[in-house]
Amino acid sequence: MVACQCISGAFCVKRVLRMVLNRVLKLFCVKNKDSKKKGKAINPLCKVAAPHPTENVCTNNNLLDPLSSGTGTVLSVQKHDPECSSVISSMTRTEYGSESDGYNSFNQFDVVQDFSDHYYAKNSPGKTTKEWAKTIQNEWKLLQKDLPESVYVRVYEDRIDLLRAAIVGPAGTPYHDGLFFFDVRFPSEYPQCPPKVHYHSGGLRLNPNLYESGKVCLSLLNTWWGTGCEKWGKSKSTILQVLVSIQGLVLNDKPYFNEPGNKNSANTAPGEKNSLAYNQTTFLLSCRTMMYSLRKPPKHFESLVARHFHDRERAILDACGSYMSGTVVGSSPGNGTKYPRDNRSFADFKKSLEKYTELLRKDLATNRTQFLELTRDSSSAAAADEIVVYQQLESFCQSMTIAGSPV
């Protein structure tokens, strides 16, 4: 309760001070060009052509492989004397935030530094060209502008050939409320060839297209057969299209039929029964993936993991309870969709889910405690920063008045 009051008080201070700061920002020509999606401003090498267009993602199942066994904030600041610039810079960071805001917010797109834990960190970018760099920066602009709300991306200032994405599992699927991480590398031949994509599997295979090894099988990546727009096209395909395809076509409501050998049994009684059983196993693996992410979140996504699972904790545990009572996995809790009474796989599923639910409950409780503590500390620090900025502003205004230039 005390933590909540501290947070509330800090935010009240912020609201009052930001009214003052906004007016000063306008006075000194600090412009927020687009506040839809916060993030570090992209700095292209030079004026470049618009990124190659994004075509609609094909929904043909051939895109799916098997081989069985979501604009940043851009600031424009006029030149001022050093003292004035330092004050405005401080106010700008306070008003628009940065990745250091941590647990209070998480930008959908941002540019970061440390790439040491990236899967492709040790792969050399190879011999690259200026056109290659322009293409990637155009990809950044497209991601910054058009990322779906449930997709988050980090790119690296010193290794523009690398990218990391987090995708939230879609509702209505056995992947709901999960976080799935992918490391991407743009080879020196890009965009003549598709990017390389690695899935953070944790050693689990929860989809026919996502292997334990991290391999991602998708026609758009040329890791599975396909024709026409199903394949990578140098003038039309983008990394945004790849991420949307993974979320919509791979992490779907019936992944059992992603397997080519199972596709023909769709809409048949045996096929649907097997699909239900596959979804049970998939949800168990998704729960294990949640625990894996909570215990070892990828670098630069720690605050996303903490906030996401804090916000979705109750929904996740409610779903587990509903599934243990017989609700079909992927269905909305309480909608009445139940497994058939003679479903033999349900007993084993229920027993395993009870085990993983208790483990997940403990991890979520730990995350909740840590999240509230870190949020409280972050809010207190932000409130202190606001006071410092206000004091700097007041001092600056007084100095301007004394100098004969009243603000």
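The legends below describe close-up views of a predicted model.

View 1. Five strands make up an open sheet of mixed pairing, arranged in the order β3-β4-β5-β6-β7. The edge strands, each pairing on one side only, are β3 (109-112) and β7 (196-199), and from one strand to the next the twist averages 20 degrees. Strand β6 (residues 179-185) runs antiparallel to β7 and is joined to β7 by four bridges; within this pairing, F182 has Y199 of β7 as its bridge partner.

**View 2. Helices against the sheet.** Helix α6 (residues 269-295) lies across β6 and β7, and runs at about 70 degrees to β6. Helix α7 (residues 302-324) also packs on the sheet, where it touches β4 (151-156), β5 (159-168) and β6, its direction making about 155 degrees with that of β6.

View 3. The largest nonpolar core holds 40 residues, of which L143, V153, F182 and L243 touch the most other members. Two or more residues come from each of the elements β3, α3 (130-146), β4, β5, β6, β7 and α4 (239-250). When neighbours within four places in sequence are left aside, L243 is in contact with L143, L147, V151, V153, A165 and I167.

**View 4. Edge-to-face aromatic pairs.** The structure holds 13 aromatic pairs, including that of Y256 and F257, which is edge-to-face because the ring centres are 5.2 Å apart and the planes stand at 75 degrees; both of these residues are buried. The rings of F283 and Y323, with centres 4.9 Å apart and planes at 90 degrees, likewise form an edge-to-face pair. This second pair links distant parts of the chain, since F283 belongs to helix α6 and Y323 to helix α7, 40 residues apart, and both F283 and Y323 are buried.

**View 5. The surroundings of N262.** N262 is found in helix α5 (residues 260-263) and has a relative accessible area of 17%, so this residue counts as buried, the cut-off being under 20%. Apart from neighbours within four places in sequence, N262 is in contact with Y256 and F257, the two residues whose rings form an edge-to-face pair.

**View 6. An aromatic cluster and charges over rings.** One aromatic cluster is formed by F106, Y152, F181 and F301. Over the ring of F106 sits the charged end of R154, 4.1 Å from the ring centre, while the charged end of R159 sits over the ring of F115, at 5.3 Å from the centre of that ring.

Technical notes: Residues are numbered from 1 along each chain as its sequence is written. This is a predicted model: local features need pLDDT of at least 70, side-chain atom pairs count only at pLDDT 80 or more; totals for chains, interfaces and linings use all residues. Side-chain values use heavy atoms; hydrogens and water are left out. Buried means under 20% relative accessible area, exposed over 50%, partly exposed in between (1.4 Å probe, protein chains only). Contact means heavy atoms within 4.5 Å. Two strands pair if DSSP finds at least two bridges between them. Axes are lines fitted to C-alpha atoms, for helices over the stretch in contact, and angles run from 0 to 180 degrees between N-to-C directions. A nonpolar core is a set of buried Ala, Val, Leu, Ile, Met, Phe, Trp, Tyr and Cys residues joined through side-chain atoms within 4.5 Å. Rings of Phe, Tyr and Trp (its six-membered ring) pair if their centres lie within 6.5 Å; planes under 30 degrees apart count as stacked, over 60 as edge-to-face and the rest as tilted. A charge sits over a ring if NZ of Lys or CZ of Arg is within 6 Å of the ring centre and within 35 degrees of the ring normal.
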